[in-house]
Amino acid sequence: MATTNVIADLCIFLLTWNVGTHSPKDLSLTSLLALNGTTQCPDNQLPDIYIIGMQEVGTSKLKIFQDDPWVLKIASYLSDREYVKVESKQLQGILITMFSLHKHVPHMKDIETDETRTGLGGLWGNKGAVSIRLSLYGTGAVFVCSHLAAHDDKLKERIEDYHQIVDNHKYKTPGYRRIYDHDFVFWIGDLNFRLSGDLSAWDVRTSVENGNFAELLKDDQLRLLRESGNAFSLMEEQLPNFAPTFKFQEGTNEYDLKRRPAWCDRILHRVQRNIYPAITLSANQLSYQSNMDYTLSDHKPVSATFSYKIETANLTYTDEELHEMTHGAAETTTRTNVSLLIALIAFVVQI
């Protein structure tokens, strides 16, 4: 009889939000981070890892050696719950940050970040992408946060942005030089895809109020592009079962009909499930939702929860052995972030 051994079984929480240059100030993040008992992780436990991407983060007070106020605010909510910051990367207003329960830190190696500018033909970072890649329990994982070209008539530019990010994002880790080299790919952000066709903003709003999401999504640009192979065709997405997350009147849950409502804020993933002999990789999606509690900007936050699992059949591997298999035996040295080690040491000192 075949026996299955589990190398890792993690619950990963991903969040994307265009904050419209606003600072967190006195904003409560309890609901945003699912700290109010709304987590979709097994047994309603808190996630093992948080991946948080933001767009249009205010940059007027950007400091080179200090985290963005949003990262500091998130840390203030998570540090008391045994989380440490793994890494952050910011390109002007595009930000990605990763927090993990401290017990997983020894199983993280080869941590890298990268950025790609796509604004003004690649000269400006108001649009583009940032990413964090790492070896996670021996597998190669990458998390990408992007902000693509805006407006209904800029579909061509969005497609070009996507390909520019895929072509220009490069890492140093052998075997994982590009985004799609990775075993697990998670892509989040304000992708800015709109609805094709000529429905008016009022028509779209009426369909939304009637709950006709499936009908509207037939004209969703991202869905059509994935089906045609023009962009994101290697990625999977659970179709949204929530109302379009753009464009709202700030401070309200009412659409601003200067723009047609659209699902601009998305979370996609990809898994190379059976790339290694006798090893199965999976990322089962447990949730996909927007959060109407937040009215700070003209976008609503969108989150998703995944079960990130690594299993073997009739074999027993440690994640160190899996790392040698996936990353190459010559690359067995640990290159864990110095900042991550400092954070972990600080946590140990506290307890």
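Which backbone oxygen does the side chain of Thr326 reach? It is the backbone oxygen of Gly138, at 2.4 Å. That is a polar contact, meaning N or O atoms within 3.5 Å, where within protein one must be able to donate a hydrogen and the other to accept it, and residues adjacent in sequence count only if both atoms are side-chain atoms.

Ground rules next. This is a predicted model: local features need pLDDT of at least 70, side-chain atom pairs count only at pLDDT 80 or more, and totals for chains, interfaces and linings use all residues. Residues are numbered from 1 along each chain as its sequence is written, and side-chain values use heavy atoms, with hydrogens and water left out.

Back to Thr326. This residue sits in helix α6, residues 319-327. Helices here are DSSP runs of H or I with at least four residues, strands are runs of E with at least two, and both are numbered from the N terminus. Thr326 has 10% relative accessibility, so it counts as buried. Buried means under 20% relative accessible area, exposed over 50%, partly exposed in between, with a 1.4 Å probe and protein chains only. Set aside neighbours within four places in sequence, and Thr326 is in contact with Gly138, Tyr176, Asp183 and Tyr276. Contact means heavy atoms within 4.5 Å.

Now strand β7, residues 139-147. It is mostly covered, with nine of its nine residues buried. Thr139, Ala141, Phe143, Cys145 and His147 point one way. Gly140, Val142, Val144 and Ser146 point the other way. β7 pairs with strand β8, residues 184-190, in the parallel sense over seven bridges. Pairing takes at least two DSSP bridges between two strands. His147 stands opposite Asp190 in β8. From β7 the chain passes through helix α2, residues 155-168, to β8, and this β-α-β crossover is right-handed. In other words, with the strands pointing away from the viewer, the path from the first strand over the helix to the second runs clockwise.

Next, strand β4, residues 94-101. Why call it largely enclosed by the rest of the structure? Because eight of its eight residues are buried. Ile94, Ile96, Met98 and Ser100 face one way. Leu95, Thr97, Phe99 and Leu101 face the other. β4 has antiparallel partners. Strand β2, residues 49-55, joins it through six bridges, with Ile52 opposite Thr97. Strand β3, residues 83-91, joins it through eight bridges, with Tyr83 opposite Leu101. The β3 and β4 hairpin has two residues between the strands, and Gln92 there takes a positive phi near 50°.

Last, the cysteines. How many disulfides does the structure hold? One. The cut-off is a pair of cysteine sulfur atoms within 2.5 Å. Cys11 and Cys41 form it, with their sulfur atoms 2.0 Å apart. The angle about the S-S bond is -80°, and the link is left-handed. Cys11 lies in strand β1, residues 4-18, and Cys41 in the loop between β1 and β2, so the pair ties together parts that are 30 residues apart in sequence. Cys11 is buried at 4% relative accessibility. Cys41 is buried too, at 5%. Cys145 is in no disulfide, and the nearest cysteine sulfur, that of Cys264, is 14 Å away. Cys145 counts as buried, at 0% relative accessibility. Cys264 is likewise in no disulfide. Cys264 is also buried, at 0%.
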